[in-house]
Amino acid sequence: MRSILFKTGLATALASLATAHTVLTTVFVNGVNQGDGTCIRMSKNPDRATFPIEGINNPNMACGLEGANPVAFTCPAPAGSTLTFAFREWADEPTKGAGPIDPSHIGSVAIYLKQVSNIATSSPSGGGWFKIYSDGYNPSTKQWSAKKLIADKGLLSFSLPSGLPTGYYLARSEILAIHDISGSGPQFFVNCAQLFVSGATAGTLSIPSDKEVFIPGYLKSSDPGLTYNVYESNPDSKPYTVVGPASFRPGGPGPSTAAKQTEGVVPSTCILKNANWCAKEVPDYGNENECWKASDDCWAQLDKCYTSAPPSGSRGCKVWQEKKCDMIVESCRSGDWKGPRNKGRKVGGEGESSAPVPGRIPGVVVGPVGEEGPTPVEGGGEGGDDEGGDGEEEENIPASTTRGAVVVPPVPTTFLTKPATEVVAAPVTSALPSQGGGGKKGCKGKKNYKRRAGQK
Ligand SMILES: [Cu+2]
């Protein structure tokens with residue numbers, strides 16, 4: 001037991017040592033927190049998990065470092081539902097630093113999907129990828145996507161196209177930072193979430209050839225989105241073009257309850273979850289010997305919990321120890337040899353196994369941006385090449401949204417695992433990055449800020 005206690009402290013210490021750019025840690029489906037790390041492929045190495053992918057032709061461009069390794073759970077998400085991705089600068093501490101990313105980062109945020117025949121074994125790299133969301137610079141708010149992400153506490157909401165056929169998908173987040181392209185180069189922060197989408201149709205989605213991309217392979221170093229000088233160009237007069245294809249959002253009737261997920265389901269016997277690890281009830285006990293056996297079982301599970309915990313944290317392991325293993329030890333010692341108590345019941349309260357949600361879940365904004373559109377929208381910031389022009393089978397955007405954005409109301413906060421604190425949007429006084437602390441190579445470039453500041 002002592003060794004486990006030691007390990008507990010060590011795991012926490014290791015996680016806190018992680019250096020930071022940004023990483024996708026948490027998925028919400030229609031506002032429901034799926035748990036830190038759950039369904040997400042991220043590097044197990046806390047020192048690397050938040051780092052950019054090196055080289056635009058690197059296979060890791062598909063799902064990030066260690067992104068070919070599947071995780072045990074695949075999150076169910078109805079076609080047309082709202083997903084929220086949470087990004088963190090410090091993988092296990094959503095409120096540390098700037099929140100999602102250092103303010104020095106300027107560039108774009110995009111979401112891609114790929115339907116896969118087997119969520120555990122299909123290769124993330126290769127064809128089949130299509131973009132469903134992107135945001136670069138929004139001229140109406142004069143905000144770069146990273147600034148918006150910081151204002152929204154790292155929470156990015158987007159909707160799944162309503163016409164997705166039932167099946168398993170990788171949802172890929174791509175945060176591109178180009179603040180230091182002439183130095184260390186572009187920084188691509190990439191992760192994937194495993195999804196089971198329930199749609200009204202079955203089969204393979206057919207993607208228009210101009211909207212399907214291979215990852216890696218979809219980028220050239222000469223792409224306008226990778227050569228744009230954020231210090232010499234003003235995005236209000238020289239629009240920034242987000243890299244990659246135009247978005248593809250197949251329209252359709254939405255989800256169906258007939259769709260049945262068979263892979264990556266969280267087992268019903270799971271009484272506590274940390275990322276992609278699940279605790280099962282300990283064996284029954286009726287005497288001292290059996291009690292200590294149940295205790296051993298509990299601590300052995302705890303060991304697996306810590307071993308499997310990704311950089312997003314091990315809060316669930318701590319809950320398992322304090323609310324299960326410590327209690328069993330206590331009852332074995334005190335002669336209370338009948339158990340387990342609360343057999344089969346969930347351990348820990350709602351949300352205890354994840355970090356507190358740092359802000360209010362933002363609503364999804366749909367529809368093309370109008371001249372006076374108040375907020376970034378899907379496809380916004382792409383210089384208008386992304387408005388679903390060929391329309392044959394793409395999502396029908398109501399006519400009333402063509403002049404401005406329709407804001408879907410935020411999901412009720414009662415869904416949240418912790419009471420959400422109201423986010424007061426940071427006043428956007430300028431697009432200049434604030435003076436952040438730190439000093440990571442390739443992440444700052446204060447000289448350049450001055451140049452831009454002087455130019456304004
Ligand atoms: Cu960085």
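Residues are numbered from 1 along each chain as its sequence is written, and side-chain values use heavy atoms, with hydrogens and water left out. Because the model is predicted, local features need pLDDT of at least 70 and side-chain atom pairs count only at pLDDT 80 or more, whereas totals for chains, interfaces and linings use all residues.

The structure holds six disulfides, a disulfide being a pair of cysteine sulfur atoms within 2.5 Å. With bonded cysteines counted along the chain, the pattern of pairing is 1-3, 2-4, 5-6, 7-12, 8-11, 9-10. Residues are called buried under 20% relative accessible area, exposed over 50% and partly exposed in between (1.4 Å probe, protein chains only).

One of the disulfides joins Cys-39 to Cys-75, with an S to S distance of 2.0 Å. The link of Cys-39 and Cys-75 is right-handed, with 95° about the S-S bond. Cys-39 lies in the loop between strand 2 (32-33) and strand 3 (40-41), and Cys-75 lies in strand 4 (residues 75-78), so the pair ties together parts that are 36 residues apart in sequence. Cys-39 counts as buried, at 1% relative accessibility, and Cys-75 counts as buried at 1%.

A further disulfide joins Cys-63 to Cys-192, again with S to S 2.0 Å. With -85° about the S-S bond, this link between Cys-63 and Cys-192 is left-handed. Cys-63 belongs to the loop between strand 3 and strand 4, and Cys-192 to strand 12 (residues 187-198), so the pair ties together parts that are 129 residues apart in sequence. Both Cys-63 and Cys-192 are buried.

The sulfur atoms of Cys-305 and Cys-317 are 2.0 Å apart and form a disulfide. The torsion about the S-S bond of Cys-305 and Cys-317 is about -85°, so this disulfide is left-handed. The pair links distant parts of the chain, with Cys-305 in helix 4 (residues 288-308) and Cys-317 in helix 5 (residues 315-334), 12 residues apart. Cys-305 and Cys-317 are both buried.

The 21 residues of helix 4 should span 30 Å at 1.5 Å a residue, and its end C-alpha atoms are 30 Å apart, which agrees; the expected span is 1.5 Å times one less than the number of residues. The buried residues of helix 4 are Cys-291, Ala-294, Ser-295, Cys-298, Trp-299, Gln-301, Leu-302, Cys-305 and Tyr-306. Seen down the axis of helix 4, these buried residues fall within an arc of 155°, so they line one face of the helix; the arc is that of the directions from the helix axis to the C-beta atoms. In general, an α-helix has 3.6 residues a turn, so residues three or four places apart point the same way. On the other side of helix 4, Asn-289, Lys-293, Asp-296, Lys-304 and Thr-307 are exposed. The N-terminal end of helix 4 is capped by Asn-287, a side-chain oxygen of which lies 3.1 Å from the backbone nitrogen of Asn-289.

An open sheet of four strands has the order 2-1-5-10, with antiparallel pairing; two strands pair if DSSP finds at least two bridges between them. Strand 2 and strand 10 (155-159) stand at the edges, each with a single partner strand, so one side of each is left without a neighbour in the sheet. Strand 1 (residues 23-29) pairs with strand 2 in the antiparallel sense over two bridges. Phe-28 stands opposite Asn-33 in strand 2.

Some backbone features lie in loops. The peptide bond from Ile-215 to Pro-216 is cis, with omega near 0°, and Pro-216 is placed in the loop between strand 13 (213-215) and helix 3 (224-227). The bond from Gly-339 to Pro-340 is cis, with omega near 0°, and Pro-340 is placed in the loop between helix 5 and strand 16 (365-366). Lys-142, a residue other than glycine, has a positive phi near 55° and is found in the loop between strand 8 (137-138) and strand 9 (143-144). Lys-142 counts as partly exposed, at 40% relative accessibility. Lys-153 is not a glycine either, yet its phi is positive at about 60°. Lys-153 has its place in the loop between helix 2 (145-151) and strand 10 and is partly exposed, with a relative accessible area of 37%.

Key: A polar contact is a pair of N or O atoms within 3.5 Å; within protein, one must be able to donate a hydrogen and the other to accept it, and residues adjacent in sequence count only if both atoms are side-chain atoms.
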